[in-house]
Amino acid sequence: MIKSTANVTNIILTLRVVLYNTYMKPIFRILSFTKHLAPWYIFMGGFIVTISLLSLVTPFLTKQIVDLIVANVQGTPVDTMKLLYLLTGIFGTDIVITSCTAYGQWIGDILAIRLQTYLSNKFYEHVLSLHIGYFDNEITGKIVNRMYRGITSITDFIQSMLNNFLPFFLTALTTIVLLGFYSPFIAILLFILFPAYIIISHGSSKAWMKYESQKNSLVDQSQGRVFESLVGIRVVKSFAAEITELTSFLSTRKKVEVLARDQTKQWHFFDFIRRLVLNIILFGIFGYIVYWTFHKRFTIGEMTFLLQLVQQARFPLFAMSFILGQIQQASAGSADYFNVLETVSTIKDKPDAKQLIISNTSKSKQFIKFTNVSFSYEQGKNVLADISFSIARGEKFALVGESGQGKSTLVNLLLRYYEPQEGTISLANQNVALVTQASLHSQIAVVFQESLLFSGTIMENIRYGRPDATDEDVLKAAVAANAKNFISVLPDGYQSMIGERGVKLSGGQKQRIAIARAMIKNAPVIILDEATSSLDSKAEIEVQKGLDALLKGRTAIIIAHRLSTIAHADRVLVLEHGRVSQLGTHAELINDRSGLYSQLVSLQQNLTKLPSEESKKKLQAFDLVG
């Protein structure tokens, strides 16, 4: 007996833990995350309680109407005005319920919009704060898909909770209490039916979620690929890969279909069992009420009242599988959303981080300084090893080396997109690891090899460098960047729409817009990361004029392969195997015949004289020219 009682207790405790982790925990997590909307939830809850209580008025009034009609049929005098009052009460109750429902749903719609805005803001704000390494390892389309799926799941859950879960729960509770007053047996039977129904539903929900997580994974991959294909539509079309991309997409969708078929098959099987059990028990309750009415324990009015209450209890029970499914879907749909929010950025401002301040009068010879810097993206695979050098204020400093030797990595470390495993980096005698990232980035402007422009106008893209810039500032920047001439011949001038990523502009035009954007920022440090390597000679000449204006009076780090780009550099640092191989002026390095820099210069000077095949072999040997 004792052992049997202990087993029952263990089963109850296990069931409690399972139900909490599976259903209550996701609810508490979502509600906790949106707790600032608690006043709205309470306000909506008031309407729901009112509607739930009013829904019991009609059965109660109906009972009295039936009793009056039966009495009248049996020959007992009945006050017809009382019937009229009861009918008016039912009509008035329906009007109040309709009004409260309409107003409550309107408030619910407003709440949903506010909730979507809040969830979008929290996600986007957090994603923007994450370190660059996170995006290097993620597909952009997957991130966006997680955001929208999470927002949809959470918003649908909150709306369902207010519009369905809470009303169903209150209806069931009040129904059981009222039934208990007339028949404890019926109340106990219904009360036991709820946990039994939940246990059966838990099995179907568990099976559902197993498939749902697999489907979500496939959909994320598929949507991510679609996003990439649309962004790179020119590459897709140039390789005639439309069929390949579509086939890949459809193949994933077929897998999703197979999972969905098996998923719904299991769910509907469990749903059939649930409904069958419910039908049997409710039929037993109906039979019990009819039997005792026949034997005059209940009046006709009481029978009508009880049958209506039992009928009301059917809806929460039948909806139980839907409710549990909604909770599970919200849990699965929001899981990736919360996982992203819980991703910790590895690059953070220190608690006591200060603003980076650069004095206009500073003439430091060690304006930018790398001291014994070592870095690796993967443990045991050093990209940079014991790098030390300094750059003077106003100096034009070039980085040269074979591809993959760490030139761009040096720039990423200066921008603090990554942090070195060893060594320190300083700017204006301030350790970049101890200043705020925002203040650091405000002092540096970057022009990349392929400058990303945003959809919008030319004016908006140039002003992106300094949002408070006036139209006159934008025009001056465009003139200085040698962009005015081509902008002036466009149909709408500075208000011309450039398309996604600037697809309506040529490479040289995009680079000049990017230079103007960097110029209007007016940062003391400029980084040119292969800014002209993808351009033809004519475009390079046009862009170089803008670059010369941009670099005037500023400290510059120039990453380039073309000698024309670094011809006017004050000093050149050559990287080889992740270490400093050479450092000096162009004249000093050119005289070192055994050095990599001299070989590079010699190679580029003789390229036009060599047969194409021999040129190709030389280029492959050095892997230098972009």
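**Close-up views of a predicted model**

View 1. Asn 412 has its place in helix α11 (residues 407–414); helices here are DSSP runs of H or I with at least four residues, strands are E runs of at least two, and both are numbered from the N terminus. The model is a predicted one, so to speak of local features pLDDT has to be at least 70, side-chain atom pairs count only at pLDDT 80 or more, and totals for chains, interfaces and linings use all residues. Residue numbers start from 1 along each chain as its sequence is written, and side-chain values use heavy atoms, with hydrogens and water left out. Asn 412 is buried, at a relative accessible area of 19% (buried is under 20%, exposed over 50%, partly exposed in between, with a 1.4 Å probe and protein chains only). Skip residues up to four places away in sequence, and Asn 412 touches Tyr 377, Tyr 417 and Tyr 418; contact means heavy atoms within 4.5 Å.

**View 2. Two aromatic pairs.** Rings of Phe, Tyr and Trp (its six-membered ring) pair if their centres lie within 6.5 Å, with planes under 30 degrees apart called stacked, over 60 edge-to-face and the rest tilted. That rule gives 16 aromatic pairs. For Tyr 103 and Trp 106, the ring centres are 5.6 Å apart and the planes at 50°, so this pair is tilted. Both residues sit in helix α4 (residues 80–129), three residues apart, or about one turn of the helix. Phe 375 and Tyr 377 have ring centres 4.7 Å apart and planes at 85°, so they go down as edge-to-face. Phe 375 is buried at 3% relative accessibility, whereas Tyr 377 is partly exposed at 43%.

**View 3. Strands around β4.** Strand β1 (residues 368–378) pairs with strand β4 (residues 422–427) in the antiparallel sense, over five bridges; for two strands to pair, DSSP must find at least two bridges between them. Thr 371 has Thr 424 in β4 as its bridge partner. On to strand β5 (residues 430–431): β4 and β5 run antiparallel and are joined by two bridges, and Ser 426 has Asn 431 as its bridge partner in β5. β4 and β5 make a hairpin with two residues between them, and Ala 428 in the turn has a positive phi of about 55°.

**View 4. Some salt bridges.** With a side-chain nitrogen of Lys or Arg within 4 Å of a carboxyl oxygen of Asp or Glu as the rule, the count is ten salt bridges. Asp 67 and Lys 63 form one of them, their closest N and O atoms 3.3 Å apart. Both lie in helix α3 (residues 57–73), four residues apart. Asp 67 is partly exposed at 25%, while Lys 63 is buried at 12%. Arg 466 bridges to Asp 468 at 3.2 Å between the closest N and O atoms; here Asp 468 is exposed, with a relative accessible area of 62%. There's also a salt-bridge network linking Asp 349, Lys 350, Arg 416 and Glu 419.

**View 5. Nonpolar cores.** A nonpolar core is a set of buried Ala, Val, Leu, Ile, Met, Phe, Trp, Tyr and Cys residues joined through side-chain atoms within 4.5 Å. The largest has 45 residues, and those touching the most other members include Ile 462, Ile 566 and Tyr 597. Helix α16 (residues 507–521) gives the most to this core, with seven residues. A second, separate core has 33 residues, among them Phe 389 and Ile 559.
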